Every structure is written in C-alpha cells, then in structure tokens.
Amino acid sequence: MSLRSIVVSVAFLAPSALAQEVQLLEDLHQAGDFESLRVSFPRDFVRVDVGPATSLCYIAYEAGYGWGAYETTLASGITRAIFRGGEPSELTQVGDLLFFAASSLANGRELWSFDLTGRRRTGELVLHELRPGIQGSDPRDLVAHDATTLLFAADDGIVGRELWRSDGTVAGTRLVVDLEPGPRGSEPSEFYVVGGGRTYFSASRQGTTVLGPSLWRTDGTANGTQFSGTLTNNNLADSPVDMTQVGSEYWVLGRNQGVIRVDTRSDTHDLLDIPADRLHEEARLGSAILVAQDRTSLLPSVWFAATNSSPVLLRGPSASEPNVGFDAQLEHAASLGSSLLFAGRGFEIRNSQYQSQGEELWITDGTKAGTTLLRDIVAGDGSSAPRDLVRLGTRVLFSAWDPQHGRELWVSDGTIAGTQLLRDLSTGMASGMDGRGIVIGNEMFFSGNGALYRTDGTAAGTKSVRAIPPPNPDASPDYFAATPTSVCFVATSRNANDTIVRELHRASPQRNGPHVVQRIAGDASFVCTIGESVYSVQAGGIAEGDSVQVAGADFEHLTPIGQDLVYATESPARVYRWDRSGAPVLLLSATSAPGWVPNFARLGETSRFVFAGPSDGELWISDGTAAGTQRVLDVDPVGESEPRWMTSFESRVVFSADDGTSGRELWITDGSAAGTIRVADLAMGAGSSDPRGFAVQHGLVFFFANGDELWKSDGTTSGTQLVTDLQASTVDPSGLTAVGTRHVLFRAQDPQSGVELFVSDGTANGTRLAADIRAGSGDGLAESGSELTRYRWSFAVVEDRVYFGADDGTHGEEPWFWTNGATAWTGEAGCGTTTRVPVLRAQDPVLASAQELRYEQILVGALGVTVVGFRGASMVGSGCVYRIDPWKPWFVLDAWQQGSAPRTTQVPIPNDSSLAGLRLTMQTLVAPTDAPNGLDLSNAIHEVIGR
C-alpha cells in the first residue's frame, strides 16, 4: 500500500505544504510586557494622567508576592510595580500622587503614597505611619478632596477612627478633627466630594443632639467640619449609604428614612417619599435616577425619580398589578442615549408561588411602557446576571453568563439584535471575563483570562495589552537541551525581587509558548536531560527540576550515560558517576589538572564511557565503578594528548587529540588500546587540523577542521572527505547539529548576512544559508562563547524542529526554531527478549524520492510487517506498546521473511505536494518469536513528509 493511499483516505488531516522555515518561538522578555511581571487578574482600575502620558493603575496578583499595585503606560505598554504584596486597596489619584492602603510586616496596614512622576526628592514611595507598630492605622474610604488633598478615615490608636488628610508628605498627613473625643472614634465613612472644596460624609457622635451615624460636611479643616443634619431632632437617623448628583442637587440615601434631597449650596434637606433603599450613581439617566425598594420586601419595586417631579413606578406592585415585583440591581447599570440599561429580575406571585424570569438585561426610557426586558440571554428562569456595565461610545459593554460560554464579554446597542456576545475570551464553558473595566479614550480596559485586555467594542479590537517598543531587553536564551518531547533552555527573567535572573524554560512542538519549570539562583552552568527529566547546575549544586539533588559547587559537563549522569569538578579535579538515586561515586581524581577540559562520551549502547583523564590528560574508560576506571591509551607518551570533543559514533567514540608528532587530529576508539587509532592527518606533518564540533548524521560524523573547512567521515581514513571550504564565503563556523537523516545545521558569519543559520546536506552545493534572521549584515544568531564547553551556545533538536537563540533586530535575543521539512526521528523503544529487540531505521521521507528502511536484530525466519499510520499508543502484551492509533487509517507498508542479514528496502514517496506536512508513525511487527508475547515490536519511527 502506498503513502498516497493514506493521503487519499485522510486528506483532511494533511496540512498545507511545509517548507524549511525559521520563526520566533516566543518573545520571553519584552519591554513593557504585562506578562513579564507575571501579574494576573487586574482589578480596581484607576486612570492616571500625569504629563502627556495616560496610564492605568490597578491591583493585580503576582506569583511570589500576592496582591500588589501596578501601573501600565497605555502608549507603550510598559508595566511597572508600584507596591508588591501587602494587598493594597482604594487606589486614589491626587495630583501627581497615587494614594492607597497596604500592609507590611513591620508597619501593619498604613497609608502609602507613590509619586507617579518620580520627581519627589524623598523617593517615589512614601509610608505615612499614623500608628507606629505592627497593628497599623487601617486607612479606609480614600477620596480626592481637591487637586492637592486626600481625605480618609484612620485609627491612630489614640483618638479612634477619625477624619484625616494628606498632601503626600509625612508632615502634611495629619488629623483633621476629633469628632468623638476620646478613644471611641466617630467612624467616618461614605465620603462624597461635591466640589467647591466640600466633601460630605457619614460620622457618629454621642450626645443629646446627634444620635448615631449622620451626615457631615468638611472643607478639610477642623473649623470647616460641621454637622449637616437639619431634619427632625437634627438627625438623619441612619448612616447615609449612597449619594449621587441628580440635576443640580445631591440625593442621599439613608438606611431608614429613604431618599433625602440635599441642596449643597445652602446645606438644606428635604425628605422624598420614595420607598427605596438603593441609590447608585450608575443608575442615573440625565437629570433623573432609578431607585429601588428594599430587597427584603416581599414584592420590591423600581422607581424613576427626577428633580421637582413625582417619582414614576416602573416595575413593582400597584393597584392594577398587586402581585408583581421587580428586583433591580442598580449597581449594574449604564446609560445609553436617552435610555438606561440595567440588570433586573421580574417576578410575580401566582397561586402562592413565585414565578421568576431570571436576572437579565433590561432597558428603560423612564416610563413604565418603555421599561422592558432587552434580551433573555438564558431563556426561562435561568439568569445571565449581567454585570459590570460600561458605556463605550454608542454601545454598552458588560459581562454575562450563559451555559455555552461561561461569563464572557457582551455588547449592546440597545436593541435585541445588537445585544450579543462580543468575544469568548476563554473558549468553552470556562469564564474569561474577570470584572468591571474602565473607559479611556475610545477603549475599555479590563481583566480577561486573568490578564489585562483592551477593547474598542469590536471582536477584532479586543486583545491583550502587550506592546513591544524597541529596543527590547534580551531573554538571551542558551544551554538548549532536548527531551524526547520538549526543549529546555535558560533565559533571562525577573525574579520575585524584580531583579534579573536566569530561569529554566521548557517548550514543546505541540505548545509553542514556553513555560517556566524552575527558578534558578544565578546563571546555569550546564543543562542536560535524561528522558523527560531536566538537570542543571545552579548555585546550590546539581538540580532535577527545582530540587537540588547533589549539593556543592564547581560542577562541569553533566553528561547522560544511559540512566546515569557523569560529571566533573575542577577544584579538586575529579570525575563522578551518579545513578540519580544515591550518593555520587568518585571514579578518578587528581590533585592538579591545569588546562584540563573534561568531556565524556558513551560507547554505543553499553554502560561504558570514555573521557579525558584529569591526572594525565589522556584517554580513559570507565564502566561506572572506581575499579572499572582505567586508562585506555597514552596517546602522547611524552606530553598530554588532551582528548577533546568526545562524541558517540555508533559503537565507538570520535574525538580530537594530539599525539605529539602529528598535531591535533581526528581519532576514534572502541574503548581498547588496539582500537584507538588516528583516523586521518588532515594537516600533514606536525601541524594541527584541530577537528572540532562533531555531529553524527546517518552513519557519518561531520566536523570542522583546518580553520573553516567542513568535513565528514565514516570513521576510516579513506572515508574522510572534505565537504566544502567555507573560507571563501563564511568564517567562524560552530554549533554543528544533526537534524533528521540528511542535514547538519551550524552558525557562521558571511559578509552579506552576518552571523546566521547555515545548513548542509553533506555536499558543497548543498551547503548554504538556511535563514537570514536579521536581514542584512547584522548578526542574527547569538555569540557562541567558549565552544569547548559545548553548552553555552547550542542547538536542540525535538522532532522536526531545531531550537536556538537568535535576534531579528525587533524582538531582541529570544528563542527561535527552524523546521527541517522532511524529517524522520526514532521514537519510543520496542520490545522483544532481553537480548533482542528489533530495530527500525528510516531516512527522511522526501517527496519524489525513495525512503530507505533498514531492519536490524530480527529473528531469522520470522515474518516481518511494517505498519504506517497515525501516532497513538495501545498495549499488545506485557510491556509491548503499539505506537500507531488503530482507530485511524493504517496500512501495511512492507511485509517479508527475515533472512540471515539485516534487511534494507526502499519505499517510494510520490511527488505530491498534498503530502507535505503529513505526520506519520511506522513500526515493525515480527512473529512468531520466542518473546513472551510471541511477538516482537521494533522502535517507533515518527516522521513528517516534505522537501
């Protein structure tokens, strides 16, 4: 069955043609990136206008701190921390200052001020400590009395909770008046600024003339703070709980006496006969306002009341409808032209039973006939519970809930058709809308999906606040290392103290955006992986994930050998093996090893490895025990050969060494003295070709030598060949990395492109620039550092992607990836007996060519079947996993009976562009066998078809 048959059967699964391409993985460290501070769920927005810039201050949550205060400049998107932690509240701007209450361990909850301009000599952030000690004065009800003065209530521990003022200086933060002499306190609250240097508030004072919380006014001075009650017994009876402007008057809602109309010019009052206990600024329409009756009423009502006119009953019990009630949520309302939109729930009592419509969006023009349900978003008695209504231009934005989308962002133009879901910020039933927004200019800013969003009232114009003003800080990613399914790397980030640190990140081809898996102390020296486990060197020692496993310092060259790690220390010079469970095993040590470059490489699939010995600078071998650690060969009997660039090559190891007569050249070893030989003398005589940067690709090892020449070798003298001399066009090549079965990537510099990404297929004509990431002669790829470490700058290959650090001149130095096109890679291991597991090898599946398959370790005489399909997993026996999804289309690609030698076959790949990008998996099944299941399975081969 051909591959074309698969495509015909599942053509809808094949993406469009994929060429080799390079692209940004993620801009991890953006200037002004809201996410770079790791803050979430912004709320309590305050618009701040200081100078020409408009910014947004808000409270948000930051990991490691909790709730804090932050500012985002809207033009640039730059976000800064004002106060981290301490649960700040009541952000209030007064001139160039931002006031708020916040807690600290040393001072308790106190008043703080922040200079938004940064010009204050005493520092941007100032503590106003009214009550020394850890208890704090607990400031509340902060309001801007005028352009220079903040009024608030606080308890200094001496006079109780009283009225205070502040101009942002320590000296200018003082008590206004002690209305209730002694420690009791008058408990000022419910501040209402009416302009003209006057503010009304509620306070209590015991005595014969004032009983309980009542209305007061102040001009910010002790003499100018006076009782404002003029009703019966000079008492407003109960605390004012709401106040709003209606026409030229201010109306105050007292808890028991209903609505009181206040003429602030003469400070006179009269009581309006409106049965209400709710009065909200949001429910105003022109010179009138909605008021609602007590929610505890059996049948509450909602009224429309204006200055010098009788209130109009909009919904509620009346002579004609005695059993009808209406519960209006007046705090959720917004005007739109000559109408008012608000949340409400209509119901009636019928046959002694409540029948409710659910809480939905209503509209009114101030008349009973014009007060109607605008849209029943959740039909029946279900409730969409509209909240956070905000007018933006000719529409109203709000949040509402429905069972399909959760609580999301909605919009209404006052018509049924124009009331609809604006954007589902969190797909599915999860809610994406987090709270009320604020309008600045032609946009509303709000919290969505835990992040800061902005919207112009359209779906396309609703997006997260992220700006990238050049020049950007660099993430400077390095130490790339691959697991079977992901890439790990170290990049610059901010820590909990707002200082720059290096963090370990992980990303996968299935999820482009990296996420932090570990916060590390200082720069990582090395990163390596075993399976999906990630190991790094940090300040405390060798860590797995975020937990230090081997304490200490000076660790170098972590290298996986099977399931173990081997590594070195420089002072003293020692070599260790660690099985990742117990204590490390010391294999070899030396008192002094100046210039020693420790490096390790595994011999085939064994537990043995070779390395450069610290004691003599020669070639050593170890089986992981001290007794099994010995020198292989004294390559330079007179001096030190200093083996470098140890690289596993099939069952052997290639490296460079200097035997003292031929210079530094290419060597190979099988772990024995007799099997350690010089492969080629590429710089004849005593000169050195200095082979470096080995990369194994499909039975060949590629390397650089003689300066800027690219070579390849099969491990023999005759099989060592020059690919191309890069000197003519490029210089300083490094970072050789094999990808798929055809290509090696490397970084190099040429005069036209700068330091960029290059690729080679092993031929001179096939060695070329892969991508000019930073257009022109600028350098797109990062500096290589000391390449002898083989860690500081590197590529990491995961499936068909190669990850690395680059700078395109716009985003700064960030993580990128290159897609190889046609790629085959070895997946999970197969199963068989303890001495035999079938091996399947495959070349890259290139369109219009033949893909070579090679079978090894197959039981002679057994029947073999290679199956191709889509990736999956199912058990076929004890410990045997079939890696192809049996519920999707699959086909037999090759069937045969095994002879005495390894088998090779060719599978034609059609020249059909519709195949490009198709991701397949193949696996070989062998039967009958002597395995417990009577069946052997090879390793899986995963692949992407392409050019």
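How many disulfides does a search of the whole structure find? The search finds 1 disulfide. The structure is a predicted model, and every value below is computed from it.

**The disulfide**

The partners are C831 and C880. Their sulfur atoms are 1.9 Å apart. The torsion about the S-S bond is about 115°, so the disulfide is right-handed. C831 sits in the loop between β70 (823-826) and β71 (839-842). C880 belongs to strand β75 (residues 880-884). The pair therefore ties together parts that are 49 residues apart in sequence.

Are C831 and C880 buried or exposed? Both are buried. C488 has a relative accessible area of 0%, so it is buried. C528 has a relative accessible area of 4% and is buried too. The cut-off for buried is under 20%.

**Backbone exceptions**

Most residues other than glycine have a negative phi, and most peptide bonds are trans.

Which residues does a cis peptide bond join? A927 and P928 are the pair, with omega of about -10°. P928 lies in the loop between β78 (919-927) and β79 (936-937).

D141 has a positive phi although it is not a glycine. So does E642, again a residue other than glycine. The table sets out their values.

| Residue | Phi | Location | Relative accessible area |
|---|---|---|---|
| D141 | about 55° | strand β10 (residues 140-144) | 25% |

Why does D141 count as partly exposed? Its relative accessible area is 25%, and partly exposed covers the range between the buried limit of 20% and the exposed limit of 50%.

**A four-stranded sheet**

In what order do the 4 strands of the open sheet run? The order is β1-β69-β68-β67, and the pairing is antiparallel. β1 (21-24) and β67 (796-798) are the edge strands. Each of these pairs on one side only. From one strand to the next, the twist averages 35°.

Inside this sheet, strand β68 (residues 801-807) pairs with strand β69 (residues 813-819). The sense is antiparallel, over 7 bridges.

Conventions:
Residues are numbered from 1 along each chain as its sequence is written. This is a predicted model: local features need pLDDT of at least 70, side-chain atom pairs count only at pLDDT 80 or more; totals for chains, interfaces and linings use all residues. Side-chain values use heavy atoms; hydrogens and water are left out. A disulfide is a pair of cysteine sulfur atoms within 2.5 Å. Helices (H or I, at least four residues) and strands (E, at least two) are DSSP runs, numbered from the N terminus. Buried means under 20% relative accessible area, exposed over 50%, partly exposed in between (1.4 Å probe, protein chains only). Two strands pair if DSSP finds at least two bridges between them. Axes are lines fitted to C-alpha atoms, for helices over the stretch in contact, and angles run from 0 to 180 degrees between N-to-C directions.
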